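Have the structure open beside you as you read.

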Amino acid sequence: MISKLKLGALTSYLTMFVNNILSLLFTPFLVDSLGKSQYGIYALMGTLIGYMTLLDLGIGNSLVRYIAKYRAEEDMKSESQFFSLCLIIYLGISALALVVGILIYSNIEIIFNQGLSVEELEIAKIIFGILIINIVIAFPFNAFSSVLRGYEKFALLNITTMVRGVVRVGLLTLLLTFGYKAVTVVIVDTLINILFGVINASYVFIVIKERITRPKFNRSFVLKIFKQSSLSFVISLSGLVIWQLGNIMLGMFSGASVVAIYAVGLQFTTYYMNIASSISSVLIPRITMMVTKNVSENEMITFIIRTARLQFIVLGYVIGGFSLFGRGFLTLWLGSDYITAWSIAMILMVPQTFTLLLSVPGSMLIAKNKHGFKALISIINAAIIAVLIYFLVQAYGPYGATLGTTIGMLLVEIIIMSIYYHIVLSINMLHFWKDTVLKFLPFVSIVIFIGVIIIKLVPIISWKYLWLNGLVYTVLYCVFLYLLGATNYEKSLIKVFIIGFLERLKKSKKHRFGG
């Protein structure tokens with residue numbers, strides 16, 4: 001019987017795949033239906049309300065941790081008391097969110113009067129008003145999803161998330177076809193969130209049989225919860241500033257249409273980061289075990305470099321392909337008006353490649369419980385990027401927001417963190433970058449050069465030519481990787497993968513034809 005963790009991991013990857021496919025298929029229709037202006041307002045108000053999610057303060061993570069603890073101890077009374085306490089805290093957070101939301105709502109004209117027209121400001125206020133209702137209701141429901149995670153109901157959460165995505169796309173496709181606009185999209189999102197929140201709450205009360213009891217209020221215990229959650233809050237705040245402040249500043253100074261283009265560029269960057277995180281997230285348990293067993297530094301560094309190289313093989317393939325075919329893809333996907341989004345994504349993705357590779361040695365910080373410095377660096381990075389974006393956006397528009405984020409990443413996330421890993425974790429970072437990037441550059445450069453020639457000979461004028469060029473690029477990348485880039489260890493992995501794939505294909509044919 002498949003374990004909860006394996007089933008959770010399987011459904012997690014399935015959900016990520018389905019949601020990404022839905023996003024790629026639905027986004028062009030959404031953008032075309034709303035138009036640049038309303039899509040930009042929708043993205044802008046979504047970013048603005050996103051900052052209010054920080055009011056969660058990481059309480060959900062604490063709830064997951066303590067639910068699991070009380071389950072292990074079979075202490076149902078303490079579990080119910082703690083759940084009830086968190087539910088009360090969430091209700092308090094909802095009240096605070098309502099007050100903050102009303103204050104922002106009252107000042108939207110002042111915040112965005114330079115970037116948005118009078119008509120756009122009216123639509124923005126309606127959308128933001130609905131989003132306030134959405135987030136106020138969502139906070140208490142977070143308690144129930146945290147209980148489900150504490151009970152390891154990952155498969156249930158993943159499946160409901162996937163179903164929610166399918167239902168959302170289906171409803172919005174129908175309504176947008178009849179001419180409804182951005183306000184309708186936000187209303188549908190709110191109603192769907194309430195529906196699935198009620199489903200989660202019903203499962204918690206009926207199946208898990210969680211009970212609301214009189215909480216045992218202990219001031220020191222509550223302070224301990226907030227203290228434990230503070231690190232998550234800091235990292236979340238930094239992430240929002242780094243990746244979403246550009247939208248806000250562009251809305252203030254450049255207008256909704258520019259926000260729409262910038263949001264599309266960010267969307268590709270998010271896809272890129274998700275690919276990397278799906279690889280690096282599985283490393284923490286392995287590295288933690290190695291730290292616990294006190295393996296030698298050489299063994300640890302060998303593992304880190306080996307893993308980072310495997311990660312770069314995937315990232316190099318993605319960014320190489322996007323550099324070659326991204327413009328053509330965007331033209332076919334959203335139209336030539338959004339080609340600027342390709343430049344924005346490329347400027348962000350190139351330095352982000354180095355940052356993502358550093359997530360591998362970064363796993364050692366978590367394993368050694370030294371990630372407080374990472375949180376500090378995140379705050380410094382966010383502050384630098386905020387200042388740069390503020391000034392650069394006013395001079396260079398979307399490219400200013402992009403450059404501000406890129407410069408901050410280069411200075412802080414890459415240079416400073418490389419020095420920190422070199423000194424504190426005793427990882428030879430010169431050796432790390434030489435083995436993970438420099439050794440791959442020759443074959444990646446050759447493949448991209450050939451890819452440029454292929455595009456000149458076979459321009460991307462339709463989806464057929466895009467797929468054809470992509471297939472040729474994939475074959476070239478694999479061949480040159482094997483001949484010029486891969487180590488013997490990586491070649492052995494490639495051989496094992498190919499042999500395993502061929503064996504599964506052979507078994508599938510035998511099963512199909514009764515062989």
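**The big picture**

First things first: this is a predicted model. The protein comes to 19 helices and zero strands. Of its 515 residues, 47% are buried. If you take the contacts between residues at least 6 apart in sequence, 83% of them join residues at least 24 apart.

**Two helix pairs**

Two packed helices are described by the angle between their axes and the distance between the axes. Here is how two pairs come out:

| Helix pair | Axes come within | Crossing angle, roughly |
|---|---|---|
| α17 (residues 441–457) and α18 (residues 463–485) | 9 Å | 155° |
| α11 (residues 297–333) and α12 | 10 Å | 175° |

Take α11 and α12 to begin with. Their axes cross at roughly 175°, and angles over 145 degrees count as roughly antiparallel, so α11 is roughly antiparallel to α12. On the α11 side, the contact is made by A308, Q311, F312, L315, I319, F322, S323, G326, R327 and L330. Facing them from α12 are A341, W342, A345, M346, M349, V350, T353, L356 and L357. Sorted by class, the contact of α11 with α12 has 14 nonpolar, four polar and one charged residues.

Now for α17 and α18, where the axes cross at roughly 155°. These helices are therefore roughly antiparallel to each other as well. The crossing of α17 and α18 is right-handed. From α17, the residues making the contact are F443, V444, I446, V447, I450, I454 and I455. From α18, they are N469, V472, Y473, L476, Y477, F480, L481, L484 and G485. By class, the contact of α17 with α18 has 14 nonpolar, two polar and no charged residues.

If you're wondering about the spacing in such lists, an α-helix has 3.6 residues a turn, so residues three or four places apart point the same way.

**Zooming in on single residues**

Leaving out residues up to four places away in sequence, N469 touches F325, I454, I455, V458 and I460.

T355 is buried, with a relative accessible area of 15%. Which residues does T355 touch, not counting those up to four places away in sequence? They are M409, E413 and I414.

Helix α9 (residues 256–280) gives us L266 and I275. L266 counts as buried at 7% relative accessibility, whereas I275 is partly exposed, with a relative accessible area of 31%. Beyond its neighbours up to four places away in sequence, L266 touches W243, Q244, N247 and L348. L266 and M349 are 83 residues apart along the chain, and their C-alpha atoms are separated by 9.5 Å.

As for I275, its contacts are with V314 and V318, once neighbours within four places in sequence are left aside. How far apart are the C-alpha atoms of I275 and M16? The separation is 9.9 Å, although I275 and M16 are 259 residues apart along the chain.

Helix α16 (residues 429–438) has M429, F432, W433, D435, T436 and V437 buried. The N-terminal end of α16 is capped by N428, which places a side-chain oxygen 3.2 Å from the backbone nitrogen of L430.

S426 sits in the loop between α15 (398–424) and α16. Its phi is near 60°, a positive value in a residue other than glycine. S426 counts as partly exposed, at 33% relative accessibility.

K209 also has a positive phi without being glycine, with a value near 65°. Look for K209 in the loop between α7 (182–206) and α8 (219–253).

Technical notes
Residues numbered from 1 in each chain as written. Predicted model: local features only at pLDDT ≥ 70, side-chain atom pairs only at ≥ 80, totals over all residues. Heavy atoms only, no water. Axes fitted to C-alpha atoms, helices over the stretch in contact; angles between N-to-C directions. Helix = DSSP H or I, 4+ residues; strand = E, 2+ residues; numbered from the N terminus. Parallel < 35°, antiparallel > 145°, perpendicular 65-115°, else oblique. Left-handed = near helix turned anticlockwise from the far one by under 90°. Contact = heavy atoms within 4.5 Å. Nonpolar A, V, L, I, M, F, W, Y, C, P; charged D, E, K, R; others polar. Buried < 20%, exposed > 50% of the residue type's maximum accessible area, 1.4 Å probe, protein only. Polar contact = N/O pair within 3.5 Å; in protein donor to acceptor, adjacent residues only side chain to side chain.
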